[in-house]
Amino acid sequence: MVQLGFRPSLSTQCLYFHPETRIRVVAHVDDMMCVGDRRALEELLRLLGSRYQLTSSFVGPEPNDAKEGQFLGRTIRWKREGVTWSGSQKLVDEALEEWGMTETNALRTPGVIETEAEEKEQEELMDEEDAARYRRTAAKLNYVSLDHPQIAFAAKEASRTMSSPRKGDEAKVKRLLRYLRGHPVATYWFDWQDPPSVLKGYTDSDW
């Protein structure tokens, strides 16, 4: 990317910006999402295609543009009102299937409060098979939480015991999955906005 004139972000090395074309690129291993002017993007694809084998699609307003695309498990949709960004439904479905909870009743909160009996049960380690399943699910939930802030704390608590999961930890995952049964993904809306006609500034009265 640097050879093509892009500059890496000072805050994160997976973000690149081209000062002339104004294209922004997010790169993760061999997956990329590019945002910018259509002609500039087409030229970037041509340059990259001359060096690598690529598969690509345009999500945008033109008749031939796709209205939905995928990036790292997320779904990006182009709508008349704006753009939406949704987390990974696939990971949630996989976790529910693995734990046999596809038909379970949903809950309204993702966290669990441990009782004294459950705290004692925490002392007994899971067997290898159950521990491997717990780790897989905790990792998936941690990834889903990046786009689902309501489960961030509960997913973090489930991840804390991944190295040596105990039988009592199962309640954390099951509670989270029951919550996700009713709230599987979070979708962010980015509505189109008109150019501002007034510039507003805010300051602290004591500053």
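Start with aspartate 65 and arginine 38: these two form a salt bridge, with the closest N and O atoms 2.8 Å apart. A salt bridge here is a side-chain nitrogen of Lys or Arg within 4 Å of a carboxyl oxygen of Asp or Glu. Keep in mind that this is a predicted model, where local features need pLDDT of at least 70, side-chain atom pairs count only at pLDDT 80 or more, and totals for chains, interfaces and linings use all residues. Residues are numbered from 1 along each chain as its sequence is written, and side-chain values use heavy atoms, leaving out hydrogens and water.

Helices (H or I, at least four residues) and strands (E, at least two) are DSSP runs, numbered from the N terminus. Aspartate 65 counts as buried because its relative accessibility is 9%, whereas arginine 38, at 33%, counts as partly exposed. The cut-offs are under 20% relative accessible area for buried, over 50% for exposed, and in between for partly exposed (1.4 Å probe, protein chains only). Glu42 joins in too: Arg38, Glu42 and Asp65 are linked in a network of salt bridges.

Now for a helix pair. The axes of α2 (residues 89-98) and α4 (residues 128-144) come within 10 Å and cross at roughly 155°. That makes α2 roughly antiparallel to α4, a label for angles over 145 degrees. The axes are lines fitted to C-alpha atoms, for helices over the stretch in contact, and angles run from 0 to 180 degrees between N-to-C directions.

Which residues meet? From α2 come Leu91, Val92, Glu94, Ala95 and Glu98, and from α4 come Arg133, Arg136, Thr137, Lys140, Tyr143 and Val144, with contact meaning heavy atoms within 4.5 Å. The residues of this contact divide into five nonpolar, one polar and five charged.

Two of those residues, arginine 136 and glutamate 98, meet through their side chains in a salt bridge (2.3 Å, N to O). Arginine 136 lies in α4 and glutamate 98 in α2, so the pair ties together parts 38 residues apart in sequence. Arginine 136 counts as partly exposed at 41% relative accessibility, and so does glutamate 98 at 27%.

One more pair is glutamate 157 with lysine 156, a salt bridge whose closest N and O atoms are 2.6 Å apart. Lysine 156 is partly exposed, with a relative accessible area of 38%. By the rule above, the count comes to 13 salt bridges.

Methods
Parallel < 35°, antiparallel > 145°, perpendicular 65-115°, else oblique. Nonpolar A, V, L, I, M, F, W, Y, C, P; charged D, E, K, R; others polar.
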